[in-house]
Amino acid sequence: MYPENGDIKQNLFGVNVLSGKKFFKCISRDSYYMIFADIKAYPIGNERAEIKTFEDFLESSCEMVFMCTDSIFIEFYSKDRKVLDKVYNNCIGNDFEKVVYKTAADVSGRGFIAW
């Protein structure tokens with residue numbers, strides 16, 4: 001895709017909806033630079049809903065939310081505690097900075113759009 005200013009940009013995924021296998025293949029590429037990302041994962045066949053807040057996430061069939069803002073601020077939400085523990089331990093094991101669990105009270109009303 002070529003934006004109006006002439007800079008060449010390519011959508012990492014190419015489409016808006018991917019299977020888990022295709023998603024993993026895309027994020028396993030050798031190099032890419034993520035500036036903004038707003039990714040929501042639903043079970044196959046479930047209806048997608050617009051998720052604007054943490055409460056919307058809890059009420060939806062969405063299982064995971066990943067948001068990246070300005071390349072460095074990452075938020076990850078999952079309804080599965082085992083998944084949260086794996087992501088948390090991976091972040092700690094790779095020396096990520098300021099990795100914290102947040103409670104539902106901490107994120108209540110939080111906007112779920114990365115940009």
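Mentor: Happy to. Contact here means heavy atoms within 4.5 Å. This is a predicted model, where local features need pLDDT of at least 70 and side-chain atom pairs count only at pLDDT 80 or more, while totals for chains, interfaces and linings use all residues. Residues are numbered from 1 along each chain as its sequence is written, and side-chain values use heavy atoms, with hydrogens and water left out.

Trainee: Among contacts between residues at least 6 apart in sequence, what share join residues at least 24 apart?

Mentor: In the protein chain that share is 44%.

Trainee: And in what order do the elements run from the N terminus?

Mentor: The order is α-β-α-β-β-α-α, with four helices and three strands. Both kinds are DSSP runs numbered from the N terminus: helices are H or I with at least four residues, strands are E with at least two.

Trainee: Which way do β1 and β2 pair, parallel or antiparallel?

Mentor: Antiparallel: strand β1 (residues 37-41) and strand β2 (residues 64-69) are joined over five bridges. Strands pair if DSSP finds at least two bridges between them.

Trainee: How many bridges join β2 to β3?

Mentor: Six, and these strands also run antiparallel. Cys 68 has Ile 74 in β3 as its bridge partner. The two strands make a hairpin with three residues between them, and Asp 70 in the turn has a positive phi of about 55°.

Trainee: What about Ser 78, buried or exposed?

Mentor: Ser 78 is buried, with a relative accessible area of 11%. Its place is in strand β3 (residues 73-78).

Trainee: Which residues does Ser 78 touch?

Mentor: Leaving aside residues up to four places away in sequence, Ser 78 touches Phe 57, Glu 63, Met 64, Val 83 and Leu 84. A polar atom of the Ser 78 side chain also lies 3.1 Å from the backbone nitrogen of Asp 80.

Trainee: And how much of the protein chain counts as buried?

Mentor: Of its 115 residues, 17%.

Definitions and conventions. Buried < 20%, exposed > 50% of the residue type's maximum accessible area, 1.4 Å probe, protein only. Polar contact = N/O pair within 3.5 Å; in protein donor to acceptor, adjacent residues only side chain to side chain.
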